[in-house]
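Please examine the structure shown below.

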Amino acid sequence: MNILFIGDIVGKPGRHVAAGLVSGLKDRYRIDYTIANGENSAGGYGITPEIAGALMDIGVDCITTGNHIWEHKDIIPYLSESTAVIRPMNLSPMAPGRGFAVIARPGAPPLAVVNLIGRVFMAPADCPFHASHGVLAQLARDVPDVKHFLVDFHAEATSEKLALGWFLDGRVTAVLGTHTHVQTSDEVVLPQGTAYITDAGMTGVVDGVLGMDREQILARFTTSVQKHAEVAKGKEELQGVVVTAGDDGRAVSITRIKEHA
Ligand SMILES: [Fe+2]
Ligand SMILES: [Fe+2]
C-alpha cells in the first residue's frame, strides 16, 4: 500500500498547489490513499464543508485536522454527518465529530486514519498515548480485518511526537507529525515497522511565516498586537510524505515530498 500524506494545507495557495500536484504524485508513487491535514485550509484558520468537498474533489480521501478545527462553525454539523473530515480524538468525549475514520477503495486493503493532538505547549487535551491505545483496541474489535493504521499526531513538541512514534512502533503503519508547518528531515521506519516523521511540513506559500503573511506576523511579534494574519502570497510548495507498507500493515519506507507548483 502506498499512502500520500499532505502536510497542513494553508489557505487558497495551499489548495491551489495541492490541486496542481496531487494527481501527478498519485500516478508517480502509485498511491492507494491520499490523506491531507486541512486544519488551515480556509484562509489559514480552520476548514469549511465547501473546502472539504473541494479537497475531496482533487483526490483527497480523508482530511485530518488539529487545533483550528472549530474556527468555522459550519464545520460542526458536517463533522457529525461525514467521515471525510476527522478531528483530534483526544478532545472532550462530548466534542462533535469523530477522531478516526476507516477508508476503503477497490483494489486496496482498508486504511484506518487516526487524528490525535499533543498536550505539550498546546491547549488542554486528554492523554494522546492513552487515547491511541483506546482507539486501536476499538478498531481491533470493530474492524478486525484492518491492518493499516495511519496516525496524524498534531503537536508542537518534537519530544512528544517522537515519544508517540516509539510508543506505537509495531502497532501502526505510520505516525506522522503535523502542526509546526516546518518539515523535519528525521523520517525513518522504526524497528518494528512504523513509519515516522516529526513533521510532514506545510502546503502553501513557503516565503511567509508558516504560510501566513510575513509582514503581519512580524507586526504581531514586534507590537504585541494579536490579530489573525492573512495567508501569504508567493512561492507555493506541497510538502508531505509517501509511506509504503506491506500487506501486514508494516511500513517499508517513508519518503519526504517537497514539490513546487
Ligand atoms: Fe496547521
Ligand atoms: Fe495546528
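A crossing of two helices is called left-handed if the near helix is turned anticlockwise from the far one by less than a right angle, and right-handed if clockwise. The model is predicted: local features need pLDDT of at least 70, side-chain atom pairs count only at pLDDT 80 or more, and totals for chains, interfaces and linings use all residues. Residues are numbered from 1 along each chain as its sequence is written, while chains are lettered from A and ligands numbered from 1 in the order in which they are written. Helices (H or I, at least four residues) and strands (E, at least two) are DSSP runs, numbered from the N terminus.

Helix H4 (residues 128-142) packs with helix H5 (residues 158-168) at an angle of about 30 degrees, their axes lying 11 Å apart. Axes are lines fitted to C-alpha atoms, for helices over the stretch in contact, and angles run from 0 to 180 degrees between N-to-C directions. H4 passes H5 in a right-handed crossing. Pro-128, Phe-129 and Ser-132 of H4 meet Leu-164, Phe-167 and Leu-168 of H5, where contact requires C-beta atoms, placed from the backbone, within 7 Å.

Six strands form an open sheet with mixed pairing, in the order S5-S6-S7-S8-S10-S9; two strands pair if DSSP finds at least two bridges between them. Its edge strands, each pairing on one side only, are S5 (100-103) and S9 (188-189). H4 packs on this sheet, touching S5, S6 and S7.

Elsewhere, strands S12 (residues 236-245) and S13 (residues 251-260) pair in the antiparallel sense over nine bridges. In their hairpin, Gly-249 takes a positive phi near 90 degrees.

Conventions:
Contact = placed C-beta atoms within 7 Å.
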